[in-house]
Amino acid sequence: MKFREQILYYSYRYDGDWKKIKKAIMDNESWKRIETKNHYITILDKEYPAKLRNLEFPPWILFYEGNLTLCETPIVAIIGSRMATTYGLKACKTISNILKQRYTIISGLAKGIDSEAHKAALTKHTIAVIGCGLDTYYPRINMNLQKQIAQDHLVLSEYPPHVKPLAFHFPWRNRIIAALSQGIIVIEASMRSGTMLTVNEGLALDIPIYCVPHLYDNEKGKGGNYLIAQGAQILIDEQDIMMI
């Protein structure tokens, strides 16, 4: 109990910064008990998601709203561009509707592909991993979606309340999405994107990557086409999706 409360304190003091929390732990920095109304779990707890322990930098603490046991179900990540095309959104909806029958759908609650995947999975199970405190709705347009996921599914964050959605939080949170998944589906991605960073985390953990193909001159799909050329599994019809 002492070490659990110690990590909680460091998390609040350092706004969830992984390296600063590590240093505080190593230095046995002074701390005090604090009260929080938020549900949280630390790396010391037996309920901590086992798959996250495979990460090079497993979260010290996770704040959550909803059903934490969803982390132990079969999970696939469905990810892609914030500026999604009509083609990408259609593919995302189709794939999500098929896979939600067998998997919990995890994504990052961003605009575009992430949101479409979460919405499609609301009738089954979905997990949203966010890059800010649970009391912050980002993007604002997804406020109602986040509230619904928190009530009926699961929202996760390694950042304590009031931490803002800083840019560097999002590529960092992607490692959590990757680690909880047993497969990563790339719907739409440019060559330089957060989606590709999630894929890199998945590759480091030997997680299978699946991609929707795009026209060769579609900049928003070049990342997925590149991954297919490098050996990712291509999704060309519903039979391929059913095989995941």
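Leaving aside neighbours within four places in sequence, Asn-142 is in contact with Leu-109, Ala-110, Lys-111 and Ser-115, where contact means heavy atoms within 4.5 Å. The model is predicted: local features need pLDDT of at least 70, side-chain atom pairs count only at pLDDT 80 or more, and totals for chains, interfaces and linings use all residues. Residues are numbered from 1 along each chain as its sequence is written, and side-chain values use heavy atoms, with hydrogens and water left out.

Asn-142 is located in the loop between strand 5 and helix 5; helices (H or I, at least four residues) and strands (E, at least two) are DSSP runs, numbered from the N terminus. With a relative accessible area of 5%, Asn-142 is buried. Buried means under 20% relative accessible area, exposed means over 50%, and partly exposed lies in between (1.4 Å probe, protein chains only). The side chain of Asn-142 reaches the backbone oxygen of Leu-109 at 3.0 Å. Such a polar contact is a pair of N or O atoms within 3.5 Å; within protein, one must be able to donate a hydrogen and the other to accept it, and residues adjacent in sequence count only if both atoms are side-chain atoms.

The aromatic residues come next. Rings of Phe, Tyr and Trp (its six-membered ring) pair if their centres lie within 6.5 Å; planes under 30 degrees apart count as stacked, over 60 as edge-to-face and the rest as tilted. By this rule there are seven aromatic pairs. In one of them, the ring centres of Tyr-9 and Tyr-10 are 6.1 Å apart and the planes stand at 65 degrees, so this pair is edge-to-face. Both Tyr-9 and Tyr-10 are buried. The rings of Tyr-138 and Phe-170 have centres 5.6 Å apart and planes at 40 degrees, which makes the pair tilted. Because Tyr-138 belongs to the loop between strand 5 (126-129) and helix 5 (143-152) and Phe-170 to helix 6, this pair ties together parts that are 32 residues apart in sequence. Tyr-138 counts as partly exposed, at 41% relative accessibility, whereas Phe-170 is buried at 11%.

One aromatic cluster is formed by Trp-18, Phe-57, Trp-60 and Trp-172. Over the face of Trp-172 lies Arg-175, at 3.9 Å from the ring centre. A charge sits over a ring if NZ of Lys or CZ of Arg is within 6 Å of the ring centre and within 35 degrees of the ring normal. Arg-4 likewise lies over the face of Tyr-40, at 4.2 Å from the ring centre.

An α-helix has 3.6 residues a turn, so residues three or four places apart point the same way. At the N-terminal end, Asp-17 caps helix 2, with a side-chain oxygen 3.2 Å from the backbone nitrogen of Lys-19.

Finally, the protein chain has nine helices and nine strands. Of its 244 residues, 51% count as buried.
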